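My notes follow in the order I looked things up.

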Amino acid sequence: MAELNTGDGGGGKGGKVRSKKQNSKVDLTAMVDLAFLLITFFMLTTSLSKPQSMDLSLPDKSPDDKPIDNTKVDENRTMTVMLGDDNKMVYYMGLLATPKVGPKDIAYGKDGIRRELLKQKKNVLAYSASIGKPNNGIIVIIKPTKKSNYRNLVDILDEMAISGVDTYAIVPEFSPEETKLIDKK
């Protein structure tokens, strides 16, 4: 028969039987490697994803804090887009008193304002070339009402970028005629 170690040193039959204690160390190398990989991954991805912003040019102000109004613009190059409530949009070319086109209600998207922007841009470039200034493109004045929502303003700014309109301004000021035009249902 097998003999048990009794712990008394003599190999006798009396005494306690002792069991060996197992080593209870956990190897954490894999977990530390994974932690460093995750930290490295997130540091790289956050530094690579920069927020996008749009350049904004504001008009100069005179010393008495009033805007300088020396902007004379050819009415044949000017398109005004007014944004109203319930996704309503009205545009016209030229001056409201003597419009070249419009005023007309128009929809957002490729079959609405984008098509009209591209068409009017082409017409303005042809007009500018005929007067000897081929680099003068269309100027779009965006007029959001207080009732229009932020999404509509972002949508029209996206349309400016998509259709390649370089010169546009956001002007939240309305003449009484424009207010009547955008408020009528």
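I began with a term: buried means under 20% relative accessible area, exposed means over 50%, and partly exposed is in between (1.4 Å probe, protein chains only). The second term was for the elements: helices (H or I, at least four residues) and strands (E, at least two) are DSSP runs, numbered from the N terminus.

Some housekeeping next. The model is predicted, with local features needing pLDDT of at least 70 and side-chain atom pairs counting only at pLDDT 80 or more, while totals for chains, interfaces and linings use all residues. Residues are numbered from 1 along each chain as its sequence is written, and side-chain values use heavy atoms, with hydrogens and water left out.

**Entry 1: the whole chain**

I looked up the secondary structure and got four helices and five strands. Reading from the N terminus, I wrote down α-β-β-β-α-β-α-β-α. The protein chain has 185 residues, and 24% of them count as buried. I also looked at contacts, where contact means heavy atoms within 4.5 Å. Among those between residues at least 6 apart in sequence, 56% join residues at least 24 apart.

**Entry 2: helix 4**

Which residues of helix 4 are buried? In this helix (residues 176–183), I found E178, L181 and I182. They sit on the same side of helix 4, because they cover an arc of only 90° around the axis. The arc is that of the directions from the helix axis to the C-beta atoms. I noted a rule to go with this: an α-helix has 3.6 residues a turn, so residues three or four places apart point the same way. Turned away from the buried side of helix 4, I found the exposed residues P176 and K180. The cover over the buried residues of helix 4 includes strand 1, strand 2, strand 3 and strand 4.

**Entry 3: helix 2**

Helix 2 (residues 113–130) has 18 residues. Its first and last C-alpha atoms are 25 Å apart, close to the expected 26 Å. The expected span is 1.5 Å times one less than the number of residues. I listed the buried residues of helix 2 as I113, E116, L117, Q120, V124 and S128. Their arc around the axis is only 100°, so they are on the same side of helix 2. R115, K122 and S130 are exposed on the face turned away from that buried side. Covering the buried residues of helix 2 are, among others, strand 1 (78–83), strand 2 (89–94), strand 3 (99–105), strand 4 (139–144) and helix 3. Just after helix 2 comes G132, with a positive phi of about 85°.

**Entry 4: helix 3**

Helix 3 has 14 residues and reaches 20 Å from first C-alpha to last, close to the 20 Å expected. In helix 3 I marked N152, L153, I156, L157, E159, M160 and S163 as buried. They are on the same side of helix 3, since their arc is only 150° around the axis. The face turned away from the buried side of helix 3 has Y150, R151, A161 and I162 exposed. What covers the buried residues of helix 3 includes strand 1, strand 2, helix 2, strand 4 and strand 5.

**Entry 5: how helix 2 meets helix 3**

At what angle do helix 2 and helix 3 pack? I got about 45°, with the axes 10 Å apart. Axes are lines fitted to C-alpha atoms, for helices over the stretch in contact, and angles run from 0 to 180 degrees between N-to-C directions. Helix 2 and helix 3 are therefore oblique to each other. Angles under 35 degrees count as roughly parallel, over 145 as roughly antiparallel, 65 to 115 as roughly perpendicular and the rest as oblique. From helix 2, I113, R114, L117, L118 and K121 meet I156, E159, M160, I162 and S163 of helix 3.

**Entry 6: loops and phi**

G164 follows helix 3 with a positive phi near 80°, in the loop between helix 3 (150–163) and strand 5 (167–170). G164 is partly exposed, because its relative accessibility is 28%.

Most residues other than glycine have a negative phi. D86 is not a glycine, yet its phi is positive, about 55°. D86 lies in the loop between strand 1 and strand 2. Is D86 buried or exposed? Exposed: the relative accessible area of D86 is 67%. N87 is in the loop between strand 1 and strand 2 and has a positive phi near 60°. I noted N87 as partly exposed, at 43%.
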